[in-house]
Amino acid sequence: MNKGKLIVLSGFSGAGKGTVIKRLREKYDYSLSISATTRAPREGEVDGKDYYFKTVDEFKSLIDYNGLIEWAQYVDNYYGTPRKFVEEEMAAGKNVILEIEVQGAMKIKAQYPNAILIFVTTKDIETLRERLTSRGTETAEVIQKRISRAAEEAESMEAYEFIVINDDLETCVDAVNAIVVSESCKKENRTQFLIDIKRQLDEL
């Protein structure tokens, strides 16, 4: 069985990463790595489904015993990726999506050189501000923090292999899937197939 691909999906807060991932899972059956976080649950979020909600002490314990592939602090909260689930899913041939921030993405690429790094963005900053405001879940101060953080993250966009604009959801989702399919079809990812097809031809 071919090993699954690891897809790192990052982007500005408010760019719609969560919605894109939800649709990718519905349409193309991707596996989603659930992150651990110390932030409070938003309305409707469920522990173990949307995030593993941890106290700061619990999160630091995960760091201490190397239970996280990566972790980062973002707008006063910690976020991290549990290691066991990701590696088991990839070994089973599943494509795994990680929704993580820029800091974490660089750590992932260092550990998994074949990971596919994709950055999702809105078409402009005004659209980003409108989406953050329309959530109705955060204060003006927090929204401004997220805009300021976006300016910092923009400096790292060039480190990503692919940048996808989320203007139309279905177009964005199909573009992300096309990237993953294209990467999977690269010659270096078809080594076993090449061996098998040559062996079959030699046996003719």
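Is Thr 37 buried or exposed? Select Thr 37 to find out. This is a predicted model, so treat each stop as a feature of the prediction.

**Stop 1: Thr 37**

Thr 37 sits in strand β3, which covers residues 36-37. Its relative accessibility is 0%, so Thr 37 counts as buried. Now show the side chain. A polar atom of the Thr 37 side chain lies 3.0 Å from the backbone oxygen of Tyr 78. Next, display the surroundings. Leaving aside neighbours within four places in sequence, Thr 37 is in contact with Tyr 51, Tyr 52, Phe 53, Lys 54, Phe 59, Tyr 78 and Tyr 79.

**Stop 2: Lys 54**

One of those contacts of Thr 37 is Lys 54. Select Lys 54 next. Lys 54 belongs to the loop between β4 (52-53) and α2 (56-64). With a relative accessible area of 29%, Lys 54 is partly exposed. Beyond residues within four places in sequence, Lys 54 is in contact with Ala 36, Thr 37, Thr 38, Phe 59 and Leu 62. Draw a C-alpha to C-alpha distance from Lys 54 to Gln 73. The two are 14 Å apart in space and 19 residues apart in sequence.

**Stop 3: Asn 66**

Move on to Asn 66. Asn 66 is in the loop between α2 and β5 (68-74). Check the backbone torsion. Phi of Asn 66 is near 60°, a positive value in a residue other than glycine. At 51% relative accessibility, Asn 66 counts as exposed, since the cut-off for that class is over 50%.

**Stop 4: Asp 29 and Tyr 30**

Now select Asp 29 and Tyr 30 together. Asp 29 lies in the loop between α1 and β2 (31-32), and Tyr 30 lies in the loop between α1 and β2 as well. Asp 29 has a positive phi of about 60°, although it is not a glycine.

Tyr 30 is buried, at 6%.

Stay on Tyr 30 and show what surrounds it. Not counting residues up to four places away in sequence, Tyr 30 touches Ile 7, Leu 24, Arg 25, Asn 95, Ile 97, Asn 177 and Val 180. Zoom in on Asn 177. The side chains of Tyr 30 and Asn 177 make a polar contact of 2.7 Å. Then look at Ile 7.

**Stop 5: α1 against α7**

Color helix α1 (residues 17-28) and helix α7 (residues 169-184). At what angle do α1 and α7 pack? The angle is about 65°, and the axes are 10 Å apart. That makes α1 roughly perpendicular to α7. The crossing is right-handed.

Show the side chains at the contact. From α1, pick Thr 19, Val 20, Arg 23, Leu 24, Lys 27 and Tyr 28. From α7, pick Leu 169, Glu 170, Cys 172, Val 173, Asp 174, Val 176 and Asn 177. By class, this contact of α1 with α7 has seven nonpolar, two polar and four charged residues.

**Stop 6: Ser 184**

Follow α7 to Ser 184, which is in that helix. Ser 184 counts as buried, at 16% relative accessibility. Setting aside neighbours within four places in sequence, Ser 184 is in contact with Lys 5, Asn 189 and Arg 190.

**Stop 7: α5 against α6**

Switch to helix α5 (residues 125-135) and helix α6 (residues 140-154). Their axes come within 10 Å and cross at roughly 150°. That makes α5 roughly antiparallel to α6. α5 passes α6 in a right-handed crossing.

Which residues make the contact? α5 supplies Leu 128, Arg 129, Leu 132, Thr 133 and Arg 135. α6 supplies Ile 143, Gln 144, Arg 146, Ile 147 and Ala 150. The residues of this contact of α5 with α6 divide into five nonpolar, two polar and three charged.

**Stop 8: Glu 101**

Finish at Glu 101, in the loop between β7 (96-99) and α4 (102-111). Glu 101 counts as buried, at 15% relative accessibility. Apart from neighbours within four places in sequence, Glu 101 is in contact with Ser 10, Gly 11, Tyr 74, Glu 153 and Tyr 160. Glu 101 and Trp 71 are 30 residues apart in sequence and 9.1 Å apart in space, C-alpha to C-alpha.

Technical notes
Residues numbered from 1 in each chain as written. Predicted model: local features only at pLDDT ≥ 70, side-chain atom pairs only at ≥ 80, totals over all residues. Heavy atoms only, no water. Axes fitted to C-alpha atoms, helices over the stretch in contact; angles between N-to-C directions. Helix = DSSP H or I, 4+ residues; strand = E, 2+ residues; numbered from the N terminus. Parallel < 35°, antiparallel > 145°, perpendicular 65-115°, else oblique. Left-handed = near helix turned anticlockwise from the far one by under 90°. Contact = heavy atoms within 4.5 Å. Nonpolar A, V, L, I, M, F, W, Y, C, P; charged D, E, K, R; others polar. Buried < 20%, exposed > 50% of the residue type's maximum accessible area, 1.4 Å probe, protein only. Polar contact = N/O pair within 3.5 Å; in protein donor to acceptor, adjacent residues only side chain to side chain.
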